[in-house]
Amino acid sequence: MSREKENKAQAEQSVQQAQGDQQAQGELAQNVQQAQRIVVKIGTSTLTDEAGRVNAAYIESLASQVAQLCKQGTEVAIVSSGAITAGLEALNLPPARPDDIPTLQAAAAVGQVELAKHYAHAFEAQKLKTAQVLLTRNDIANREAYLHARDTLSRLLELGVVAIINENDTVAVEEIRFGDNDTLAAQVAILIGADLVILLSDIDGLYTADPRTEKDAELIEHIASFTEEIVAAAGSAGSHKGSGGMVTKLEAARQLMAAGIPMVICEGRLEGVVAEVASGALVGTRFASEQPAQAKARKLWNALSGSVKGSVIVDEGATCALREQGSSLLPVGVTKVDGTFSQGDVLDIRSASGFLIGRGISQHDAATLEQMAGHTSEELSNLALIGDAERCEVIHRDEMVIF
């Protein structure tokens with residue numbers, strides 16, 4: 001068998017395993033249909049027309065679908081991209097995303113107002129109120145701010161208000177940015193305890209390969225767990241209009257699956273697609289673990305709210321202990337330390353092949369951890385690298401999420 005055929009066979013086998021059987025998908029559709037609180041994320045390429053302008057008719061169509069859900073008692077929050085695009089249009093600047101930060105943030109400042117007007121007008125026609133909420137990662141990483149944001153958003157939804165949420169690009173710098181609204185949507189969903197996340201995209205789901213270049217690429221309808229082949233299928237992405245792509249959508253799916261929240265990627269321009277997905281129809285690619293949520297709210301906040309500052313590579317024994325036994329990560333299982341980080345920073349946990357298997361808060365800084373890597377607790381005690389046995393863990397299981 002040629003290398004190409006072998007790779008294709010492995011990908012197909014991985015897809016079949018991830019999709020599961022029809023009964024599992026039927027049960028999943030039933031769970032989606034019962035969703036009472038939904039987060040809908042709209043990408044820039046979906047929200048704008050071919051000329052790069054905000055598509056008001058599309059927003060009106062979306063408002064009509066959301067109004068239908070609201071009449072059924074469903075609460076809806078919208079994470080919307082498009083502020084920078086709207087600002088560039090209002091300022092009569094070229095539609096291409098600016099390279100310099102001052103112009104980018106100025107466009108965002110103008111665009112947030114313009115975008116809010118579009119949403120307010122469309123939803124007023126449906127007799128629904130809207131509210132604008134702008135967030136940075138600081139608002140999620142700071143526990144007090146996080147709880148205030150949760151309470152405000154929850155109250156807005158309880159009052160029947162449709163929250164329009166975006167990253168605060170006007171003030172955000174690299175250190176406090178989410179970087180893409182797929183991640184923001186996942187964080188918002190975890191924050192408010194959503195039952196479903198719908199990502200409206202310019203593609204109708206995740207394929208076994210890039211459908212724009214591979215004619216044999218097949219749509220993956222259901223993913224219950226991540227494999228290296230599935231991650232490889234995501235490639236790099238998106239259009240020039242936005243900052244996200246399929247890779248960022250998989251990152252969002254990882255976080256949501258750990259929280260037990262289903263996520264659907266679908267073609268955002270399909271007529272009635274939001275209402276269709278919310279009703280339980282099998283549209284696009286649905287990410288949902290068949291296992292119950294593995295982490296509680298506080299644990300999810302601990303492991304997922306901060307920016308990732310580095311990573312640790314672990315051996316096969318540590319990988320099994322983390323996945324199958326729910327153990328803390330110990331130094332003896334660490335084979336490599338990457339990045340410059342401090343105690344309390346968030347780290348990725350990766351297998352020997354580099355595959356992301358978890359994330360959590362480091363008990364040590366990078367320099368100390370490099371010295372500790374590969375040593376047993378007894379060896380570390382003899383070397384006087386740690387003050388007490390309780391601090392032996394690299395990442396404690398209570399501050400870790402396994403994907």
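Analyst: Gladly! Let's start with a pair of strands: S9 and strand S10 (residues 334-338) are joined by four bridges and run antiparallel. Within that pairing, Ser311 stands opposite Asp338 in S10. Please keep in mind that this is a predicted model.

User: How do strands pair in general, and which strand does S9 (residues 308-314) join in parallel fashion?

Analyst: The general idea is that strands of a sheet pair through backbone hydrogen bonds, either parallel or antiparallel. Here, five bridges connect S9 to strand S11 (residues 346-350), and these two run parallel.

User: Now a strand elsewhere. Is S5 (residues 196-201) enclosed by the rest of the structure or exposed?

Analyst: The general idea first: in a regular strand the side chains alternate between the two faces of the sheet. Six of the six residues are buried, so S5 is largely enclosed by the rest of the structure.

User: Which strands does S5 pair with?

Analyst: Strand S1 (residues 37-42) is joined to S5 by five bridges, and the two run parallel. Ile38 has Leu196 as its bridge partner in S5. Five bridges also link S5 to strand S7 (residues 263-267), again in parallel, and there Leu199 stands opposite Ile265.

User: How about helices? Which residues of helix H5 (residues 83-90) are buried?

Analyst: For H5, the buried residues are Ala83, Ile84, Thr85, Ala86, Gly87 and Leu88. With six of its eight residues buried, H5 is largely enclosed by the rest of the structure. The cover over those residues includes helix H3 (44-47), helix H6 (101-124) and strand S4 (162-167). Just after H5, look at the backbone of Asn92, which takes a positive phi of about 60°.

User: Let's zoom in on Ala163. Where is it placed, and what does it touch?

Analyst: Ala163 is in strand S4, and it counts as buried with 0% relative accessibility. Leaving out residues up to four places away in sequence, Ala163 touches Val76, Ala77, Ile78, Ala131, Leu153 and Leu156. Sequence and space can be read side by side here: Ala163 and Ser80 are 83 residues apart in sequence and 10.0 Å apart in space, C-alpha to C-alpha.

User: How many aromatic pairs does a search of the whole structure find?

Analyst: It finds three aromatic pairs. One of them is Phe226 with Phe287, a stacked pair at 6.2 Å centre to centre with 20° between the planes. This pair links distant parts of the chain, 61 residues apart: Phe226 is in the loop between strand S6 (222-223) and helix H10 (228-234), while Phe287 is in strand S8 (residues 285-287). Burial means under 20% relative accessible area, so Phe226 at 14% is buried, as is Phe287 at 0%.

User: Which arginines lie over the face of an aromatic ring?

Analyst: Two examples to look up: Arg143 lies over the face of Trp301, 4.8 Å from the ring centre, and Arg269 lies over the face of Tyr58, 5.7 Å from the ring centre.

User: Last one, on cysteines. How many disulfides does the structure hold?

Analyst: Zero disulfides. As for individual cysteines, Cys266 is buried with a relative accessible area of 0%, and Cys392 is buried with 3%.

Notes. Residues numbered from 1 in each chain as written. Predicted model: local features only at pLDDT ≥ 70, side-chain atom pairs only at ≥ 80, totals over all residues. Heavy atoms only, no water. Buried < 20%, exposed > 50% of the residue type's maximum accessible area, 1.4 Å probe, protein only. Pairing = 2+ DSSP bridges. Disulfide = S-S within 2.5 Å. Phe/Tyr/Trp six-rings, centres within 6.5 Å; stacked < 30°, edge-to-face > 60°. Lys NZ or Arg CZ within 6 Å of the ring centre and 35° of its normal. Contact = heavy atoms within 4.5 Å.
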